[in-house]
Amino acid sequence: MGQNTYNSKEILKLAISMEEEGVQFYEALAQKTKGEVKEGLLSLAEDEKRHKKIFTKWYEDFDKEEDDYLFEESVDLFFRNYAKAKGFEKRASVPDSLEEAIDTGMETEKITIEYYKSLLDHVKSPADEILKKLIAEEEGHYNKLKSYKSNLKK
C-alpha cells in the first residue's frame, strides 16, 4: 500500500462494504440450500447486517471536524470492489454442509481481521481507534462462527 494513509471515514466505508458483501454472500448461498445449512447461512447474513448497522452508525456519528473526508464515488467503488475480491471471493458454490459454510465464513473473517490489522500501519489517530474497534467486531464474528462449529460436533 506504499505511503497511503486512510482516515476514519475511509476505513468505516470499507468495513460497511465488507459487511454488505458478507450479507450478499451468505444470502446467495442460503438460496441454494435448505434445512439446517440454509438456517445457518441466514443467521450469518443477519450477523453481517447487524454489524453493518453498527459500522454505519459509527460512520454517521463520526465528528466531521476530526476527519476531512470528502466522499468520492471512486473511493466507494474501490472499497466495494476490494471487499468483494478480498473478503468473499472464496467460492460461490453451494457448501455441502453447515460445517463447510462455517469454515468459509471463518476463513473470510480471518482474512478481514488480517487486512484490518495490516491497515494499522497506514492510519493516524483517531482512525486507529476506529480500526481497533473494527478488528474487535470481526474477531467477534470469527469467534461466533467457531462456537457454531464446535456446537455442531456435540
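Me: Where is D47 found?
Reply: D47 is found in helix α2, and since we are looking at a predicted model, everything I tell you here is computed from that prediction.

Me: Is D47 buried or exposed?
Reply: D47 has a relative accessibility of 10%, and because anything under 20% is called buried, it falls in the buried class.

Me: And which residues does D47 touch, leaving out those up to four places away in sequence?
Reply: With those sequence neighbours set aside, D47 touches K144 and Y148.

Me: How far apart are the C-alpha atoms of D47 and G22?
Reply: The two C-alpha atoms are separated by 9.2 Å, while along the chain D47 and G22 are 25 residues apart.

Me: Okay, stepping back to the whole chain, how many helices and strands does it have?
Reply: The protein chain has five helices and zero strands, and if you read along the sequence you get the pattern α-α-α-α-α.

Me: What share of the residues counts as buried?
Reply: Of the 154 residues in the protein chain, 45% count as buried.

Me: And what about contacts, how many join residues at least 24 apart?
Reply: If you take the contacts in the protein chain between residues at least 6 apart in sequence, 79% of them join residues at least 24 apart.

Me: Back to α2, at what angle do α2 and α4 pack?
Reply: Helix α2, which covers residues 35–61, packs against helix α4, residues 98–119, at an angle of about 20°, and their axes are 9 Å apart. An angle under 35 degrees counts as roughly parallel, so that is how α2 lies relative to α4.

Me: Which hand does that crossing of α2 and α4 have, left or right?
Reply: The crossing of α2 and α4 is right-handed. On the α2 side the contact is made by E36, V37, G40, L41 and E48, and on the α4 side by L98, A101 and E109.

Me: How do the residues of that α2 and α4 contact divide into nonpolar, polar and charged?
Reply: The contact of α2 with α4 has four nonpolar residues, one polar residue and three charged ones.

Me: What about α1 and α5, how do their axes cross?
Reply: Helix α1, residues 8–31, and helix α5, residues 127–152, have axes that come within 8 Å and cross at roughly 20°, and therefore these two helices are roughly parallel to each other. The crossing in which α1 passes α5 is left-handed.

Me: Which residues meet there, between α1 and α5?
Reply: From α1 there are S8, I11, L12, A15, E19 and Y26, and they meet A127, I130, L131, L134, E138, H141 and L145 of α5. Sorted by class, the contact of α1 with α5 has nine nonpolar, two polar and two charged residues.

Me: New topic: how many aromatic pairs are there?
Reply: The count comes to two aromatic pairs. In one of them, the rings of F25 and Y26 have centres 5.2 Å apart and planes at 70°, so this pair is edge-to-face.

Me: Are F25 and Y26 buried or exposed?
Reply: F25 counts as buried at 9% relative accessibility, and Y26 also counts as buried, with a value of 0%.

Me: What about F55 and W58, how are their planes set?
Reply: F55 and W58 form a tilted aromatic pair, with 5.5 Å from centre to centre and 45° between the planes. They are three residues apart in helix α2, which means that about one helical turn separates them. F55 is buried, with a relative accessible area of 0%, whereas W58, at 22% relative accessibility, counts as partly exposed.

How values were computed:
Residues are numbered from 1 along each chain as its sequence is written. This is a predicted model: local features need pLDDT of at least 70, side-chain atom pairs count only at pLDDT 80 or more; totals for chains, interfaces and linings use all residues. Side-chain values use heavy atoms; hydrogens and water are left out. Axes are lines fitted to C-alpha atoms, for helices over the stretch in contact, and angles run from 0 to 180 degrees between N-to-C directions. Helices (H or I, at least four residues) and strands (E, at least two) are DSSP runs, numbered from the N terminus. Angles under 35 degrees count as roughly parallel, over 145 as roughly antiparallel, 65 to 115 as roughly perpendicular and the rest as oblique. A crossing is left-handed if the near helix is turned anticlockwise from the far one by less than a right angle, and right-handed if clockwise. Contact means heavy atoms within 4.5 Å. Ala, Val, Leu, Ile, Met, Phe, Trp, Tyr, Cys and Pro count as nonpolar, Asp, Glu, Lys and Arg as charged, and the others, Gly among them, as polar. Rings of Phe, Tyr and Trp (its six-membered ring) pair if their centres lie within 6.5 Å; planes under 30 degrees apart count as stacked, over 60 as edge-to-face and the rest as tilted. Buried means under 20% relative accessible area, exposed over 50%, partly exposed in between (1.4 Å probe, protein chains only).
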